[in-house]
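Colleague: I'd like to learn how to read a few features in a structure like this. Can you walk me through it?

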Amino acid sequence: MFRLPTAHSTLRRAQCHTVIKAGKVVSTLPRRCLATVTHDPFRPVSRPSSRGPQWFPYEEHYESVITRKKTDKSYRWFRNVNRLAQEFPYAHSADEQSRVDVWCTNDYLGMGGNPEVIQTMHAVLDKYGACSGGSRNISGHNKHAIALEDTLAQLHNKEASLYLNSGYTANDCALTVLGSQLPGCVFLSDASNHASIIEGIRHSGASKKIWGHNDLEDLENKLKSIPKDTPKIIVFESVYSMCGTVSPIEKICDLADKYGAITYIDEVHALGLYGPHGAGVAEHLDYEAHRTERPQGTVMDRIDIFAGALGKGFGTMGGYVAGSAALIDMIRSVSSGFIFTTAQPPPIMAGAKAAIDFQRRNPQSRMELQRNVRAVKKAFREHGLPVLPNQSHIVPLMVGDSAKCQQVADILFDEYQIYAQPINNPSVPRGQERLRISPTASHTPAQQQHLLSSVVEVWGRLGLPTLRDWERDVDGKVKLDWDPARVGSPVWSNKQLDVAPRELLFDPSTSSVTLEDTRLGQ
Ligand SMILES: Cc1ncc(COP(=O)(O)O)c(C=O)c1O
C-alpha cells in the first residue's frame, strides 16, 4: 500500500533547509544537501533496529565513519543540479525556475545536448529500447558496440579497442588484467594518477613504483632499477584534471624505448579537446600531420595503450582501452569486470559514437573552449586571483583551506548562481584545496564577466590569499610552480587557435606584464 510519511516533513527557507519532525525543528541543513532530505513517499522513515549489545554495532559504525569524514572536512555534499540540454551550460537547482551557471562540468563541449547526439540516441532508443539485455557475452553485443569500437580504434590509430561501462571500469579492468597476466610485471605509476588507475594496479596484485608527478628523472631512476627482462608498464595521464598539468608524453616514450617498457596513457580529460580530430594530446603533438593525413610514426603510434572515457568531452557515457588486437582480445577474454556485467544500452553506445564522429569533423568548439580558457585565466590573474598556471583547459583557483573552499562555493552558488565545485582532500593534498573551474565552449563573455566579478567580490569578502600571497609562499609549505613561463606554453598554440599573442589572450611568454600587485578589495 502507498505509505505517506507521517511525522517527517521538510520546509524550505531562504538560505537553508529546515527539517521538522513531529512538529519540532530538529535540524537546519545548508541548501547543498537538499537532495538528501527532499520528500519521497517510498523512502523508508524508520531507522534500522539495533540487534542488541552482544552483536557488532553496524549502524553506529557507519555513523562513526561519516562523523570522521565530517570532522576532517572530507565529507562530500551533493548538489541537486539539473543540466538543461537546450540551455547549456545552465542548469536548474531544486527549483525548476532557477538557473545556475555551471562552471565545473566535464561535458566541456556541451556534447550531452548536441542535436546530432540526441537525435541518434532518440532513434536508437525507439528502435532498440533502453536495455542491452545482458553482458556482451549474453545478448549485449550488437552492431552499436561493433561500430563504436571500430571508431575508437580509428580515433587512436590502433588495431582494436574495447568499450567498457565507464572510464573508471576501463582503467580498473585493463590494468588488473595487464598486471595479473604479464609475469612479474612492474607498474610505474605517476604520483598524481586517478583513483581508477590506482585501484586497477592494486587489484592486479602486481608490484608498483610511484614516480614523482611528471618527474622524468625519478621515472628513469625507477626504470633503471628493474631488470631488463621484467615486463614494465609506465602508466600516466595526458591532462591531470585537478591541477591541469600536461605530461611530457614524448619524453616518457623515449624512456619507455630505452628501458623496454610499454606505455599506458589515460587521455580521459583530453578527449574531444585536443588534436585536430579530438583524439587527445598525443594526437595534438603532431597537429599538422594529423590534420592533413594519418601519418605513420607519430607520437600516437609510440603509445602502446590508450584509455579513455566518453562522459567528458564526448558528453555521453562509457570508457575504453585501445591498442593492439592481441592486447584487446586478452582483456576481452579475461577481464572479470568486463565479462560479468550488463553492457551499456544501445542508445548510449550509438550516442557516444555520434559524439566522436561529430568532434572528429568539427574542431570549432574545442578551439572556442581554449579561447575562453585563456580569457578567464588572463582576467583572473590580472585581478590577482590565484590561478595555478598550466598548459591545459583546467582553471585551478587555489583556496588552500577546505572549510573556506566550501564556503566560497556555497556563496557563489547561493548568491551568484554560479556552480564551481570545491576540490578538497583526498582529491588534492591538504593546503591545496581549490575550486576547479572548467570553462566550456559555450560560456559567453557576459558569463565570464559575471564569474570574474563574483569571484573577486567573494575573495575580498572572505580575505582569501591572492596570487601574490601564494607566490610569496610565506611558510614555504606548499610547493607549487606559479611561474607560467616555467610551466610552459599552452598545448594549443596561438597559431593553431588563430589568435594574436598580445591581444586579449594570456600568453606565458608575456605573463610578467599581467602580474600587478593587485590586492583585492583595495
Ligand atoms: C583521469 C581519469 N580517468 C578515469 C576517470 C573515470 O572516468 P568515468 O567518469 O567515465 O568513470 C576519470 C573521472 O573523472 C578521470 O579523471
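This is a predicted model: local features need pLDDT of at least 70, side-chain atom pairs count only at pLDDT 80 or more; totals for chains, interfaces and linings use all residues.

Colleague: Okay, so how does Gln417 count, and with how many C-beta neighbours?

Modeller: Gln417 has 16 C-beta neighbours inside 10 Å, so it counts as partly exposed. You'll find Gln417 in the loop between helix 17 (402-416) and strand 15. Asn157 is also partly exposed, because it has 19 such neighbours inside 10 Å.

Colleague: What about the backbone: what is the phi of Gln417?

Modeller: Here's the general idea: most residues other than glycine have a negative phi, and most peptide bonds are trans. Gln417 isn't a glycine, yet its phi is positive, about 55 degrees. Asn157, not a glycine either, has a positive phi of about 60 degrees.

Colleague: And which residues does a cis peptide bond join, with omega about 10 degrees?

Modeller: Asn425 and Pro426. Pro426 sits in the loop between strand 16 (422-423) and strand 17 (434-437). The bond from Phe88 to Pro89 is cis too, with omega near 10 degrees, and Pro89 lies in the loop between strand 4 and strand 5.

Colleague: In what order do the 4 strands of the open sheet come?

Modeller: In general, strands of a sheet pair through backbone hydrogen bonds, either parallel or antiparallel. Here the order is 4-5-6-15, with mixed pairing. Strand 4 (82-83) and strand 15 (418-419) are at the edges with a single partner strand each, so one side of each has no neighbour in the sheet. Strand 4 pairs with strand 5 (residues 90-92) in the antiparallel sense over 2 bridges.

Methods
Residues are numbered from 1 along each chain as its sequence is written. Two strands pair if DSSP finds at least two bridges between them. A residue is buried if 20 or more other C-beta atoms lie within 10 Å of its own, exposed if 12 or fewer, and partly exposed in between; C-beta atoms are placed from the backbone.
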